[in-house]
Amino acid sequence: MKTVQISLNSIDKVKSFVNEISKFDFDFDLVSGRYVIDAKSIMGIFSLDLSKPIDLNIHSEGEALENVLKMLAPYLV
């Protein structure tokens, strides 16, 4: 598992983020304070405080993890 910080400060960013990570078969969790949300849930994401960076836990390793990190480049803080 790897944790990175991302910023989802607009509705368009949230929609494109969910569309991109939904292409992967493994799990992603967004952690904001004491809340842990499935990152593939657009409704769950909108329940978080999006004004601050959010931790994204990526449950993957190796080459798949590298592919995810490349895709996440526009969202990384």
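The legends below describe close-up views of a predicted model.

**View 1. The four-stranded sheet.**
The four strands form an open sheet in the order β1-β4-β2-β3, with antiparallel pairing. At the edges lie β1 (2-6) and β3 (35-38), each of which pairs on one side only. Direction ignored, neighbouring strands of this sheet are turned by 30° against each other on average. Strands of a sheet pair through backbone hydrogen bonds, and the pairing can be parallel or antiparallel. Helix α3 lies across β1, β2 and β4 and runs at about 155° to β4.

**View 2. Strand β2 and its two partners.**
Strand β2 covers residues 28-32 and is joined to β4 by four bridges, the two running antiparallel. Within this pairing, L30 stands opposite L56 in β4. Four bridges also join β2 to β3, and these strands run antiparallel. Here V31 has V36 in β3 as its bridge partner.

**View 3. The hairpin of β2 and β3, with R34.**
Two residues lie between the strands of this hairpin, and G33 takes a positive phi near 65°. R34 is found in the loop between β2 and β3. Is R34 buried or exposed? R34 is exposed, because its relative accessible area is 72% and the cut-off for exposed is over 50%. The side chains of R34 and Y35 are joined by a polar contact of 3.4 Å. R34 and V14 are 20 residues apart in sequence, and their C-alpha atoms are 20 Å apart in space.

**View 4. N57 in strand β4.**
N57 is part of strand β4, which spans residues 54-58. Why does N57 count as buried? Its relative accessibility is 13%, and buried means under 20%, so N57 falls within the cut-off. The side chain of N57 makes a polar contact of 2.7 Å with the side chain of T3. Leaving out residues up to four places away in sequence, N57 touches M1, K2, T3, D27, F28, D29 and V31.

S60 lies in the loop between β4 and α3 (62-72). With a relative accessible area of 8%, S60 is buried. Which residues does S60 contact, apart from its neighbours within four places in sequence? They are M1, F26 and L65.

**View 5. Aromatic pairs.**
The structure holds four aromatic pairs. A pair of aromatic rings is described by two values, the distance of the centres and the angle of the planes. F17 and Y75 form an edge-to-face pair, with 5.5 Å centre to centre and 75° between the planes. F17 lies in helix α1 (residues 11-21) and Y75 in the segment after α3, so this pair ties together parts that are 58 residues apart in sequence. Both F17 and Y75 are buried. Another aromatic pair, F26 and F28, is tilted, at 5.4 Å centre to centre and 35° between the planes. F26 has a relative accessible area of 18% and is buried. F24, F26 and F28 form one aromatic cluster.

**View 6. The largest nonpolar core.**
The largest nonpolar core has 25 residues, of which L8, F17, F28, L30, L56, I58 and L72 touch the most other members. At least two residues of this core come from each of β1, α1, β2, β4 and α3. Which element gives the largest share of this core? It is α3, with five residues. F17 touches I6, L8, L30, A39, I45, L56, L72 and Y75, not counting residues up to four places away in sequence.

Notes. Residues numbered from 1 in each chain as written. Predicted model: local features only at pLDDT ≥ 70, side-chain atom pairs only at ≥ 80, totals over all residues. Heavy atoms only, no water. Buried < 20%, exposed > 50% of the residue type's maximum accessible area, 1.4 Å probe, protein only. Polar contact = N/O pair within 3.5 Å; in protein donor to acceptor, adjacent residues only side chain to side chain. Contact = heavy atoms within 4.5 Å. Pairing = 2+ DSSP bridges. Axes fitted to C-alpha atoms, helices over the stretch in contact; angles between N-to-C directions. Phe/Tyr/Trp six-rings, centres within 6.5 Å; stacked < 30°, edge-to-face > 60°. Core = buried A, V, L, I, M, F, W, Y, C linked by side-chain atoms within 4.5 Å.
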